[in-house]
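The following paragraphs lead the reader through a single structure, part by part. Please keep the sequence and the model in view while reading.

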Amino acid sequence: MQQAYCAEIRALNAQREPVPTAYVDTYGCQQNEADSELLRGMLTEMGYEIVDTDQGADVIVINTCAIREHAEQRVLGNVGALVHGKRRKPSQIICLCGCMAREQHVADRLRQSYRHVDLVFGPQVLWRFPELLRRVILRRGRVFETQDVPGAIAEGLPVRRSGKVKAWVSIMYGCNNFCTYCIVPYVRGRERSREPEAILAEIRQLVEQGYRDITLLGQNVNSYGKDLGEDIDFPDLLERAAAIPGEFLLRFMTSHPKDATEKLFDVMARCEKVAPVIHLPFQSGNTRVLTAMNRRYTREQYLEKVHALRARIPDVVLTSDVIVGFPGETTAEFEDTLSLIEEVRFDALFTFIYSPRKGTPAAQLPDPMSKEEKSANFDRLVEAQNRISLEKHRAYIGTVQHCLVDGVSEDPRNNLNARTPGGRLVHLSGDASLVGQFVDVEIVDCSTWALFGEKR
Ligand code: 5AD
Ligand code: SF4
């Protein structure tokens, strides 16, 4: 059905001179990056040339993120500024999709105050983009497709991937966990898993096309398969993916600790193609706060998981997310977060100050701590983690790492970027033809954020 809409728009575009252009801008997580690759694929099918600036583009798509207030403000500011370009080119079509499109207050505001935006649609109807765009083109009216609908999974959509070495594969959509601070379950809907055969076929094809670093994506990959009629869980899927012939590495994100099982750790340890890395967000080191967040594990249970993982893969790279300043969190409770990171010693940490999201339970809680105190706690956390990250990086010096060269960099002294099997960034110099190859790299120096190496 969508293919017919694509063909119709393609026929219209074929008559246009010069070839009409489209620009897709992405905010937020890797799921959004993957969705944008789908949008670009659909736009290419519809006869648009993909460009990398909004200036003068015939179609602009802004794929948005609602996870924190700051991200939303940036999007609204940038969408507001598009009004000038549209004045110069009134035929331009401006679309806004992604998580913000599903927030009622945002949809209302776009409707009333951002009249230059023509099309607004939520993540559950992403696959209907050609149909919705056609409606805008033929009717020249505004289209809002933002209501709550059960998400479907459309297979066989065209994808236009940004890289040649790394690729993302969505294995499931949505989230059922309802952590009390989080907007995702409201805007992305319930969990839907893709059929394993469709996922495995996509991975096989990527490997044949030369992709070497494949990341399986989902809001919580560990609940993969629970909604399918089949007897398959995430570790089963991972093991089947790792059995695909070829030289490549598999990564996955994100894992909810409550569902990260010993079976998963066993598969990671057993399968050489599964990279020795896991992103395991802990959010807080204090059990009372974890309960208020509805995370459904205690501090001790989290530490036990880390222990079980390291018992199987001692040098596993461990990264995590943490929120500082959850409503009601005291500085004494925050100290438990600090002590947890000292105990676990993560390789890297994504640190966030709590941001109230309209419609979530936590936004209703009393939040007495001042901004200044939250910032001071946040700074202490970042400082501690930077020290730990640097110490962990120093331990790489003198070792040889089997790295995948995955891109070129701006720095003339270190013109290549590579990743260790655990995903740590390595800068090195060498011929650009090495991109896409695995090479042995001796680590000679480091910073808090990266390693520096020489090709052996
Ligand atoms: N405020 C701050 N951080 C948040 N995250 C999710 N919701 C919020 C919020 N309301 C963080 C969590 C999550 C990561 C993707 O973003 O740490 O793991
Ligand atoms: Fe949000 Fe929790 Fe779902 Fe992650 S698991 S997307 S933090 S509700």
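Leu416 stands opposite Leu428, a residue of strand S17. This pair belongs to the antiparallel pairing of strand S16 (residues 416-419) with strand S17 (residues 425-428), in which four bridges join the two strands. The model in which these features are described is a predicted one. Between S16 and S17 the hairpin has five residues, and within that hairpin Gly423 adopts a positive phi near 90°.

S17 also pairs with S19, here in the parallel sense and over two bridges. At this pairing Val426 has Leu451 of S19 as its bridge partner. S19 (residues 451-455) in turn pairs with strand S18 (residues 438-446) in the antiparallel sense, over five bridges. Within that pairing, Ile443 stands opposite Gly453 in S19.

How is the protein chain divided into domains? The division gives domain 1 (2-145), domain 2 (163-271), domain 3 (276-395) and domain 4 (400-455). Between domain 3 and domain 4, the C-alpha centres are 29 Å apart. Contact between these two domains involves eleven residues of domain 3 and nine residues of domain 4.

A second sheet is found elsewhere in the chain. It is open and consists of six strands in the order S2-S1-S3-S4-S5-S6, with parallel pairing. Strand S2 (49-50) and strand S6 (143-145) stand at the edges with a single partner strand each, so one side of each has no neighbour in the sheet. Helix H2 packs on this sheet, where it touches strand S1 (21-26), S2, strand S3 (59-64), S4 and S5. The direction of H2 makes about 175° with that of S1.

Helix H5 (residues 129-139) lies across S3, S4, S5 and S6, and runs at about 155° to S5.

Which domains give residues to the lining of the second largest pocket? Both domain 1 (2-145) and domain 2 (163-271) do, so the pocket lies between them. The space in the second largest pocket amounts to about 580 Å³. Its lining comprises 30 residues, and those nearest its centre are Leu38, Leu157, Val159, Tyr173 and Glu202. Helix H2 (30-45), strand S7 (166-170) and helix H7 (196-208) are the elements that give two or more residues to this lining. Of these, H2 gives the most, with four residues. Sorted by class, the lining of the second largest pocket has 16 nonpolar, eight charged and six polar residues.

Some features of the backbone remain to be noted. The peptide bond that joins Glu17 and Pro18 is cis, with omega about -5°. Pro18 is situated in the loop between helix H1 (2-14) and S1. A cis peptide bond is also found from Met253 to Thr254, where omega is near 5°. Thr254 belongs to the loop between strand S11 (249-253) and helix H9 (262-270). Finally, Gln283 has a positive phi of about 70°, although it is not a glycine. The loop that holds Gln283 lies between strand S12 (277-279) and helix H10 (287-292).

Technical notes: Residues numbered from 1 in each chain as written. Chains lettered and ligands numbered in written order. Predicted model: local features only at pLDDT ≥ 70, side-chain atom pairs only at ≥ 80, totals over all residues. Heavy atoms only, no water. 1 Å grid on protein atoms, 1.4 Å probe; cavity = no way out; pocket = protein on both sides within 12 Å on 5 of 7 lines; lining within 4 Å. Points joined across faces, edges and corners; volume = space filled by probe spheres on them. Nonpolar A, V, L, I, M, F, W, Y, C, P; charged D, E, K, R; others polar. Domains from an automatic or database assignment. Pairing = 2+ DSSP bridges. Contact = heavy atoms within 4.5 Å. Axes fitted to C-alpha atoms, helices over the stretch in contact; angles between N-to-C directions.
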